[in-house]
Amino acid sequence: MSDEIKKTPLYDEHARQGAKLVEFGGWLMPVHYTSIMDEHQAVRNSLGLFDISHMGQFLASGPETGQWLNRLLTNNINRLEIGECQYTFLLNEQGGVIDDLIAYRYNENDYLLVVNASKIEEDFAWMNSHRDSSVEFKNCSDDFAGLAIQGPQAIQLFDLYFGPQYSRPARNEIKSIQCDLMEFFIANTGYTGEDGFEIFFPSQHATTVWNQILEKGANFGIKPCGLGARDTLRLEMCYPLNGSDLSADHTPLEAGLSFFVDFQKENFIGREALLKQKAEGVQRRLVPFRMTEKSPPPRPHYPIFKGDRQIGEITSGTLSPTLNIGIGMAYLPAEYARINEIIEIDVRGRRYPAVVEKKPLHRKGN
Amino acid sequence: MNVPENLKYATTHEWLRLDGETATVGITDHAQAELTDIVYVELPKVGGLVSAKQPVAVVESVKAASDIYSPIGGTVTEINPALEGNPALVNTDPYGDGWLYRIKIEAGEDLEQLNEPAAYKAQISG
């Protein structure tokens, strides 16, 4: 496996448009173009465009694919009609999270899996080592560019770019369409909490599509957005990030995401470990918190105290641009992982109060 | 990048404005542009003794916390009260209303170790 830092097909375009580029998960990505605050507000108020070409895409086909995926992933793939998708987990034998991903069923026996950029090789190797020989399984990550179009004006932009010939996929639906002589996967999914779409298409057209969307979206005040805003947006929604809030050391039950685990279906990898944990009681839980007074921004790894006892550390944290207060998430012992529990965050040796809240931290109309 | 002629500069992007035996300290336009939106500033204690090059303050953007190093040694006499409610002043007026603290310079401190504007300009364009 190469240790070289990777670039998406849009790297030159990002540099040309003045992005500040940093290394993320083995990729050189824009952290912002103007500022995180600007870009965050653009997504909440009008429209933002993200390069998500670094994410991984696997294609799986064949009559046994559904059954095979059901053995490897926690959610029930049989629930998907053609054109539907679901959020799901790839677990190890101990029930720990290898990756969180979205599985899209775009045809009778054809599935697209979109995985985290930092986990592409690991996910593929794991799934391939457990492969059913009748399933055709390919890592197509390099073939695809991906863009996320997110914001209240996303629907208008979709209609302007793809309409009237193509109608929008409904929430959690995917369409495969031909437009401008190329095949697009368009999914009504996102990581920001706003209306929007994620589109995947052949990587050689990345620059063209990126610039066309910026051009057409100019009417709606579209802004190119970097990973900095992507992080503040998803954290306001309490969406977890693999590598920070999710890891091989935590199960989906601890992460509060048992909704995406189907214990009723036939065996899946990690099922036994999760059932055992359920029976014994989940010892710690991932919860969101909000600072209760002005403080430095809470950041990953800052210690969390209850009285004199350290009870955990922050997994993800930031200043919320929408709420204008520090927010974050952490695994806390079950007895403290309760809404309204007061905790203290240690920043450079000084402690600031925070309160455990209900998900999500941001609701529309805030 | 704005580099006023009446200031001295540290290589760590702090500026110093001399006023007899006291000085005002802040961060440069280059530094604030690198940080982008500053959301929190932690300042030294008034009356505290600081040394040249010692980390004395923290300026936080959304993404990162940055240490600020005192360009000179001495006693902190004043800190900017406006920054508590409006940390963005450091972005909008880094040499004026976004000043960080004032310091009574310790006797024998060497101002020569700080840079002239031309040298700082060369550093940030290099």
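Helices and strands here are runs assigned by DSSP, at least four residues long for a helix and at least two for a strand, numbered from the N terminus. The model is predicted.

**Chain B**

Chain B has four helices and nine strands. Along the sequence they follow the pattern β-β-β-α-β-β-β-β-β-α-α-β-α.

How much of chain B is made up of buried residues? They account for 40% of its 126 residues. Contacts also reach along the chain. Of those between residues at least 6 apart in sequence, 61% join residues at least 24 apart.

**A sheet in chain A**

Chain A holds an open sheet of three strands in the order E1-E3-E2, with mixed pairing. Strand E1 (6-7) and strand E2 (20-24) are the edge strands, and each pairs on one side only. E2 of chain A pairs with strand E3 (residues 27-32) of chain A in the antiparallel sense, over five bridges. In this sheet, A:Phe24 stands opposite A:Trp27 in E3. Helix H7 (residues 227-236) of chain A lies across E2 and E3, running at about 70° to E3.

**Where the chains and domains touch**

In total, 11 residues of chain A are in contact with nine residues of chain B. On the chain A side, the elements that give two or more residues are E3, helix H2 (36-45), H7 and strand E17 (309-320). What classes do the residues on this side of chain A fall into? Six are nonpolar, five are polar and none is charged.

Chain A itself is divided into domain 1 (6-54 + 142-236) and domain 2 (284-366). Their C-alpha centres lie 30 Å apart. Nine residues from domain 1 of chain A and nine residues from domain 2 of chain A take part in the contact. H2 and H7 of chain A each supply at least two residues of the domain 1 side. That side has two nonpolar, four polar and three charged residues.

Most residues other than glycine have a negative phi, and most peptide bonds are trans. The table lists exceptions.

| Site | Feature | Angle |
|---|---|---|
| A:Gly163 to A:Pro164 | cis peptide bond | omega about -5° |
| A:Lys359 to A:Pro360 | cis peptide bond | omega near -15° |
| A:Arg348 | positive phi | phi about 50° |
| B:Lys53 | positive phi | phi near 75° |

Where do these sites sit? A:Pro164 is in the loop between helix H5 (154-162) and strand E11 (174-179) of chain A. A:Pro360 is in the segment after strand E20 (350-356) of chain A. A:Arg348 lies in the loop between strand E19 (342-347) and E20 of chain A.

Conventions:
Residues numbered from 1 in each chain as written. Chains lettered and ligands numbered in written order. Predicted model: local features only at pLDDT ≥ 70, side-chain atom pairs only at ≥ 80, totals over all residues. Pairing = 2+ DSSP bridges. Contact = placed C-beta atoms within 7 Å. Axes fitted to C-alpha atoms, helices over the stretch in contact; angles between N-to-C directions. Buried ≥ 20, exposed ≤ 12 C-beta atoms within 10 Å, placed from the backbone. Nonpolar A, V, L, I, M, F, W, Y, C, P; charged D, E, K, R; others polar. Domains from an automatic or database assignment.
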